[in-house]
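Visitor: I am new to reading protein models, and I would like to learn how to look at one with care. Could you take me through its features in turn?

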Amino acid sequence: MQKWITLIVCLALPMVVGLTSGFLTSSESGGPWFKALQKPSFNPPSWVFGPVWTTLYLLMGVSLFLVYRSPHTSLRQTALIIFGVQLVLNFFWSLIFFRYHQLGLASVEIVLMLGAIIAMVVVFYKINPVAAYLQIPYIAWVSFATVLCVSIYWLNRAMG
């Protein structure tokens with residue numbers, strides 16, 4: 001029973017973070033400010049983001065579960081801390097970009113987030129390679145999102 005509770009908590013944690021961030025920025029992400037921004041030609045349609053992020057948050061939860069259930073070591077503790085750091089960065093990116101309209105700061109923050117995700121995957125791999133492999137789509141998406149964010153910043157430099 002404890003294993004199932006742990007799995008549910010590990011799955012729920014990133015989902016709750018993502019849902020909260022989405023809730024706090026939902027009016028802005030589809031609002032006039034965002035619609036007025038110049039976007040690059042490779043900007044995906046808005047309907048893509050929900051399914052992608054839901055999948056990524058679920059994969060994060062499974063990876064967290066695999067690492068959390070590993071033996072208690074200092075490396076495991078480091079992995080859990082890095083997981084928390086990247087999740088906090090993930091949460092705040094949406095607020096910086098959508099709520100506060102700080103495109104330059106959001107570009108810097110997403111680069112930091114990508115670095116934290118890569119660090120997380122490296123440490124996860126040492127503990128449980130499957131946990132690391134499950135994060136490859138996350139690295140790919142945030143790499144794309146980084147290029148997208150920086151491109152939007154570049155096209156709208158006067159706005160911040």
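Predicted model: local features only at pLDDT ≥ 70, side-chain atom pairs only at ≥ 80, totals over all residues.

Visitor: At what angle do H1 and H4 pack, and how should I read it?

Guide: Helices are DSSP runs of H or I with at least four residues, numbered from the N terminus. Axes are lines fitted to C-alpha atoms, for helices over the stretch in contact, and the angle between N-to-C directions runs from 0 to 180 degrees. Here H1 and H4 pack at an angle of about 10 degrees, with their axes 8 Å apart. That makes H1 roughly parallel to H4, given that angles under 35 degrees count as roughly parallel, over 145 as roughly antiparallel, 65 to 115 as roughly perpendicular and the rest as oblique.

Visitor: Which residues in H1 and H4 meet?

Guide: Contact means heavy atoms within 4.5 Å. On the H1 side the meeting residues include Leu13, Pro14, Val17 and Glu28, and on the H4 side they include Phe83, Leu87, Phe91 and Arg99. By class, this contact of H1 with H4 has nine nonpolar, five polar and two charged residues, where Ala, Val, Leu, Ile, Met, Phe, Trp, Tyr, Cys and Pro count as nonpolar, Asp, Glu, Lys and Arg as charged, and the others, Gly among them, as polar.

Visitor: Are H5 and H7 roughly parallel or antiparallel to each other?

Guide: Helix H5, residues 103-127, packs with H7 at an angle of about 165 degrees, their axes being 9 Å apart, and the two are therefore roughly antiparallel to each other. H5 passes H7 in a left-handed crossing, a term used if the near helix is turned anticlockwise from the far one by less than a right angle, whereas clockwise makes it right-handed. Among the residues that meet are Ile110, Leu114 and Ile117 in H5, and Val142, Ser143 and Cys149 in H7. The contact of H5 with H7 has, by class, 18 nonpolar, four polar and no charged residues.

Visitor: How do H4 and H7 pack?

Guide: Helix H4, residues 74-99, and helix H7, residues 136-155, pack at an angle of about 30 degrees, with their axes 14 Å apart; they are therefore roughly parallel to each other. H4 passes H7 in a left-handed crossing. Gln86, Asn90, Trp93 and Phe97 in H4 meet Tyr138, Cys149 and Ile152 in H7, and by class this contact has five nonpolar, two polar and no charged residues.

Visitor: Is Cys149 buried or exposed?

Guide: Buried means under 20% relative accessible area, exposed over 50%, and partly exposed in between, with a 1.4 Å probe and protein chains only. Cys149 counts as buried at 1% relative accessibility, and Cys10 is buried as well, with a relative accessible area of 5%. The structure holds zero disulfides, a disulfide being a pair of cysteine sulfur atoms within 2.5 Å.

Visitor: What does Gly61 touch?

Guide: Gly61, placed in helix H3, residues 49-68, counts as buried at 0% relative accessibility. Not counting residues up to four places away in sequence, Gly61 touches Cys10, Leu11 and Pro14. The C-alpha atoms of Gly61 and Met15 are separated by 8.0 Å, although these residues are 46 residues apart along the chain.

Visitor: With which residues is Tyr68 in contact?

Guide: Tyr68 is also found in helix H3, and at 40% relative accessibility it counts as partly exposed. Leaving aside neighbours within four places in sequence, Tyr68 is in contact with Thr6, Cys10, Arg76 and Leu80.

Visitor: Where do Phe23 and His101 lie?

Guide: Phe23 lies in helix H1, residues 2-29, and counts as exposed at 66% relative accessibility. His101 lies in the loop between H4 and H5 and is partly exposed, with a relative accessible area of 21%. Phi of His101 is near 55 degrees, a positive value in a residue other than glycine.

Technical notes. Residues numbered from 1 in each chain as written. Heavy atoms only, no water.
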